[in-house]
Amino acid sequence: MKTYVITAWNASNEPVDDGKNYVSIRGRREGFISWLLAQMRISPIVSLAISGEQIVFAQGSLEGTDHRIIPLQNVCSTYFGYRKPWKAAILLGLVSAFLLGTLLGAIFTQSSYWSRSPSPGAVALGVVLGIVIGIIYYLLNRTLMLGFVEMSGHSHVIGFKGSVIEGQTVDEEQARYVSQLTQALIDTRSRSAQPAA
């Protein structure tokens, strides 16, 4: 599963764009360079548009684009998920705190003629910086997943992270809403496609 940074997120029970889509989500690859390339429209991007009739899933790369158009009646289920990297954040915070505390303690010890033991202030500063690094990692790496499964069994999953540059955040409730809205559109389309008895 590829993960993208959210650049636009629109979902409503009323159409959100000229294409009469109820869901319109766009993303780009992570990082400043990717953001810069996206401004020049040459970056790998992804978009997900859901109307009352179809799901359009598009992925772009420097080599070209792929579009998948799936009629709603061919989709059997939707799902969403939210991953919180708290274990990695704690590990990164602890390792950073240890390394920065040791490094800063050694730097301040070398510059002091009066003491050869690490400065408690330098070690404390390293610990605080390690905790901050762990928190920032956690906040920037929470991943929201949206997916749907076709009747054929083929599944599509896309991961999104929040974007500091675009000011977009990821939220489990937003994913739940998109999943429930998509499922409601699928159910409505299925009922209208069935012949009247």
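Q: Which residue stands opposite Ala58 in strand 4?
A: In this predicted model, Ser47 stands opposite Ala58. Strands are DSSP runs (E, at least two residues), numbered from the N terminus.

Q: How many bridges join strand 2 to strand 3?
A: Seven bridges join these antiparallel strands; Arg28 has Ile45 in strand 3 as its bridge partner.

Q: Why is Ser24 called buried?
A: Buried means under 20% relative accessible area (exposed is over 50%, partly exposed in between; 1.4 Å probe, protein chains only). Ser24, in strand 2, has a relative accessible area of 11%, so Ser24 is buried.

Q: What is Leu48 in contact with, leaving aside its neighbours within four places in sequence?
A: Contact means heavy atoms within 4.5 Å. Among the residues in contact with Leu48 are Ser24, Ile25, Leu146 and Phe148.

Q: Which residues have the most contacts inside the largest nonpolar core?
A: They are Trp9, Ile25, Leu48, Leu146 and Phe160, in a core of 25 residues. Such a core is a set of buried Ala, Val, Leu, Ile, Met, Phe, Trp, Tyr and Cys residues joined through side-chain atoms within 4.5 Å.

Q: On what basis are these values given?
A: Local features need pLDDT of at least 70 and side-chain atom pairs pLDDT 80 or more, while totals for chains, interfaces and linings use all residues. Residues are numbered from 1 along each chain as its sequence is written, and side-chain values use heavy atoms, without hydrogens and water.

Note on methods:
Helix = DSSP H or I, 4+ residues; strand = E, 2+ residues; numbered from the N terminus. Pairing = 2+ DSSP bridges.
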